[in-house]
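Dear colleague,

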Amino acid sequence: MITIEKIIKKKTKGKTLTKKEIDFFVNGYTKGEISDEVMTELLKAICAKGMKERETVKLTTSMLNSGKRIDLSDIGICLDKHSSGGVSDSTTLILAPILASLGLKMVKMSGRSLGFTGGTIDKFETFSANTSLSLEEAKQIANKVGAVILCQTEDLVPADKKIYALRDRTNTVASLPLIASSIVSKKLASGAKVIVLDVKYGEGAFMDNLVEAKKLAKLMVKILRKNKVFACAVVSDMNQPLGNNIGNFMEVKEVISSLKEGKESRLLTLSKTIASLLVSMKENISLNLATKKVDVAVSEGQAYEKLKEMVLAQGGNLDLFKKEKLEFISVNSETSGYIKSVKTKELGELTHELCRIKGCKGVSILKKVGDKIGLGEEIIRIYAPKKYFEMFYRKYLDCIEISKTKTNPLPLIYDILK
């Protein structure tokens with residue numbers, strides 16, 4: 001007879017769990033038949049001993065089967081992407097209108113902010129857009145506009161919701177099998193058939209080891225493909241903020257200007273790269289041809305027009321971001337040289353704290369790693385009333401390390417895994 005005690009003992013010895021054993025603990029914990037304390041023992045054993053690939057596939061399937069699966073086949077083949085999170089990552093708000101402007105479909109189910117990283121839902125709601133849509137409402141918008149952004153439904157992979165919450169409380173998050181099964185089960189349940197995973201690596205990301213980030217990316221692509229989903233992964237940099245702005249309001253302003261003006265930046269480049277991979281896979285065309293289509297969608301303004309259409313379709317208002325004079329505090333360099341490194345996580349946490357204060361909008365990071373900086377030159381702009389100068393000025397300045405020696409710019413993309 002299968003018992004949770006036998007499963008824990010088996011995994012503690014590093015042995016492979018069967019499908020029945022995995023189903024037993026996933027279903028038992030989801031239904032409340034296994035306590036948090038006992039489940040924590042098992043999670044710690046998995047973190048310590050790991051899981052073989054076939055175990056991870058079974059764990060993903062078991063979690064997927066704990067809830068409903070969404071069927072999007074009636075509106076065609078839908079595209080999706082997932083980012084493992086980071087600072088100033090607003091790629092979804094750029095690539096969704098790009099894809100929709102090319103006649104493709106995206107029903108993007110996203111979450112809210114996790115800690116210091118802004119969530120796609122929080123950012124899209126900055127337009128005053130409604131993201132609490134039923135699936136039928138979302139499908140109607142997707143059919144009409146091409147793309148829709150909505151909150152994840154409560155019945156989507158309930159096992160993951162409960163297990164992830166426990167992992168978060170018990171410091172058992174850092175496990176490749178647990179991370180992969182959590183992400184992939186939600187992607188499979190959401191109904192998309194073509195997916196790009198954006199796995200972040202760096203100081204401001206969950207994965208701060210490049211080798212482990214690539215392992216995670218490969219594992220998730222394998223599981224998706226075993227489930228007949230066309231997938232690939234990008235391993236991208238998070239050793240500095242992706243965009244130039246941090247904070248929901250400021251990040252959305254950057255999204256608008258990126259699509260409206262098409263000025264190249266790390267944020268726009270990564271968004272276009274992910275969009276091009278999705279177009280290439282969906283249309284079965286070369287990446288080069290897909291990239292040209294994406295470039296035209298941005299440069300000729302179709303993607304910007306589609307963003308406006310998306311926002312309006314969900315009751316939002318772009319007028320909230322019309323140019324206005326925002327009060328700001330300039331943070332100036334106390335030395336000359338080159339930007340050596342950025343404390344990305346600290347910047348994210350600091351801006352999360354800042355934006356909780358009424359009247360504070362976020363920050364602009366005016367320099368990237370490798371850029372030259374002069375004595376007294378503005379390096380960060382804090383969009384907040386000047387009365388908060390003493391509270392934040394030094395903290396932000398300390399997030400930037402300057403060297404007299406020339407520093408090379410950081411790569412944006414470390415690998416693309418297919």
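Predicted model: local features only at pLDDT ≥ 70, side-chain atom pairs only at ≥ 80, totals over all residues.

Residues are numbered from 1 along each chain as its sequence is written, and side-chain values use heavy atoms, with hydrogens and water left out.

The protein holds 16 helices and 13 strands, these being DSSP runs (H or I, at least four residues, for helices; E, at least two, for strands) numbered from the N terminus. Its radius of gyration, taken over C-alpha atoms, is 22 Å, close to the 22 Å that the globule rule (2.2 Å times the number of residues to the power 0.38) gives for 418 residues, so the protein is as compact as a globular protein of that length. Along the principal axes, the C-alpha atoms fill a box of roughly 70 × 45 × 40 Å.

Of the 418 residues, 55% count as buried, meaning under 20% relative accessible area with a 1.4 Å probe, protein chains only. Among contacts (heavy atoms within 4.5 Å) with a separation of 6 or more, 80% come from residues 24 or more positions apart.

Helix α12 (residues 266-283) has 18 residues and spans 25 Å from its first C-alpha to its last, close to the 26 Å expected at 1.5 Å a residue, where the expected span is 1.5 Å times one less than the number of residues. This helix, α12, is mostly covered, with 15 of its 18 residues buried, and just after α12 comes N284, which takes a positive phi of about 55 degrees.

With best regards

How values were computed
Buried < 20%, exposed > 50% of the residue type's maximum accessible area, 1.4 Å probe, protein only.
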